[in-house]
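Biologist: I'd like a close look at one part of this model, please. Take your time and walk me through it.

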Amino acid sequence: MSGMANGSVTISLDGTNKSLTLPLLNGSLGPPVADIRKLYGNLGIFTYDPGYGETASCESKITYIDGDLGILLYRGYPIEELAEHASFIEVAYLLLNGDLPNPAELAEFDQGVRRHTMLHEQLRRFYEGFRRDAHPMAVICGVVGALSAFYHDSLDITNPGHRRISAFRLIAKMPTIAAWAYKYATGQPFVYPNNELGYAENFLYMMNAVPAEPFKGSPVLARAMDRILTLHADHEQNASTSTVRLAGSTGANPFACIAAGIASLWGPAHGGANEAVLRMLGEIGNVTAIPDFIAKVKDRHSNVRLMGFGHRVYKNYDPRAKIMQRTCHEVLEELGIKDDPLLDLAVELEKIALEDDYFVSRKLYPNVDFYSGIILKAMGFPTSMFTVLFAVARTVGWISQWKEMIEDPSQRIGRPRQLYTGSVERHYLPIEKRG
Ligand code: CMC
């Protein structure tokens with residue numbers, strides 16, 4: 001634990017003469033945290049924090065978010081600078097290793113990822129075990145979990161070399177796994193990776209190429225995809241990342257841990273919101289219907305929410321949303337989509353919501369998902385693939401957080417406590433004596 005102790009907080013137990021002074025640990029940014037590790041031992045009490053909204057579950061040096069100011073930093077670098085200037089592979093190196101690579105380090109890392117893009121041929125058969133109409137998140141969760149049975153050369157998680165190769169394999173194979181889930185659903189042949197291509201380019205190639213025709217990629221779309229991957233690469237201790245850490249705290253195989261993260265990401269409250277934005281825009285239909293829709297959103301009894309607005313942590317404009325908005329315009333222009341009714345609707349909706357007191361007073365601003373669905377739809381991704389794409393990007397964050405946890409000497413198995421409200425001890429009654 002490297003957080004500096006500076007200050008303290010004292011808890012006294014009402015009705016007793018017991019009290020305990022807890023050290024306050026200060027990170028490099030963010031609020032101090034009370035170190036409660038001695039609380040139960042000294043006062044015999046636990047803390048209650050469903051959803052862990054007030055609990056720092058670990059020490060981390062990877063990602064920092066200031067939700068009030070709308071700041072997102074990867075290893076200290078603002079997301080805006082990374083999205084503008086860095087490639088996703090550079091960002092992956094940064095998240096995993098802590099610093100930006102020099103040219104030689106980047107070239108070596110890039111080569112390392114490219115070398116591992118193919119899947120074991122035996123893994124192809126796993127796809128055939130799924131129905132063609134299976135949700136691609138179910139497919140990738142199964143296939144990534146299955147990877148844990150393929151790499152017996154690197155099963156020792158205490159070995160840094162084994163951890164490194166597992167990270168390469170995961171980052172490199174995710175686009176192939178995701179693209180093949182899509183190909184399987186559409187009935188098209190699997191397209192093998194082409195390691196001449198960059199990471200995002202290769203992913204778009206495996207998604208869109210068919211053996212019958214030459215494939216012509218677009219640098220603008222590849223750059224947009226690369227940027228989308230960067231924006232989703234990590235987001236500190238969210239539900240799926242915490243799932244990966246919790247699974248990993250037992251010493252489980254890293255591929256199995258990432259499969260657990262994929263399962264957690266799948267839920268609509270986490271990874272599925274951009275799909276919901278598109279559905280909402282479709283339901284509103286046109287700009288003239290916006291006032292009625294906004295009135296419905298503001299009606300407490302309607303249960304209608306403005307999807308793509310609001311965030312558990314950001315109480316300001318999500319910094320990723322601004323970049324997404326710009327990327328959206330670039331993609332539509334590249335694709336020759338001059339007037340996209342969904343985009344027009346989104347822009348107008350955003351304008352109205354940002355001026356409306358209901359949203360302003362509740363600090364509800366556009367989040368990363370407000371524009372990403374429009375971009376992905378324009379690029380030809382079916383909505384069922386949106387969360388899969390999120391998983392491809394987040395894999396680097398998950399594996400970086402897993403690696404940090406394994407390398408943390410204060411790491412213990414994750415084992416939350418509970419507030420038990422069930423029956424007190426009672427005794428078994430034979431069935432004939434039960435009324
Ligand atoms: N539309 C209308 N009202 C909203 C919305 C919204 N999108 N979000 C929050 N509110 C209202 C809510 O009704 C409440 O009002 P009141 O105080 O009058 O009861 C107030 O704002 C606070 O809401 P909350 O539910 O306590 O806020 P939260 O921080 O728990 O919720 C959220 C965060 C993301 C679940 C929520 O804002 C939401 O449902 N947004 C729409 C779904 C969405 O876009 N999700 C993507 C999140 S970004 C993806 C990611 O990073 O994983």
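Which of the 19 residues around the ligand come nearest?

Modeller: Keep in mind that this is a predicted model. Of the 19 residues around the ligand, the ones that come nearest are Arg300, Arg305, Leu306, Gly308 and Arg312. If you sort the whole shell by class, you get 7 nonpolar, 5 polar and 7 charged residues.

Now for the polar atoms. Phenylalanine 309 takes part through its backbone: one of its polar backbone atoms is 2.9 Å from a nitrogen atom of the ligand. With histidine 311 it's the side chain that counts, where an N or O atom sits 3.1 Å from an oxygen atom of the ligand. Asparagine 367 also uses its side chain, with a polar atom there lying 2.9 Å from a ligand oxygen. As for how much of the ligand is covered, it exposes 950 Å² when taken alone, and the protein buries 72% of that.

In general, strands of a sheet pair through backbone hydrogen bonds, either parallel or antiparallel. Here β4 and β5 (residues 71–74) run antiparallel and are joined by 4 bridges.

Conventions. Residues numbered from 1 in each chain as written. Predicted model: local features only at pLDDT ≥ 70, side-chain atom pairs only at ≥ 80, totals over all residues. Heavy atoms only, no water. Near = heavy atom within 4 Å. Polar contact = N/O pair within 3.5 Å; in protein donor to acceptor, adjacent residues only side chain to side chain. Areas by Shrake-Rupley, 256 points an atom, 1.4 Å probe, with all protein chains shown as cover. Nonpolar A, V, L, I, M, F, W, Y, C, P; charged D, E, K, R; others polar. Pairing = 2+ DSSP bridges. Helix = DSSP H or I, 4+ residues; strand = E, 2+ residues; numbered from the N terminus.
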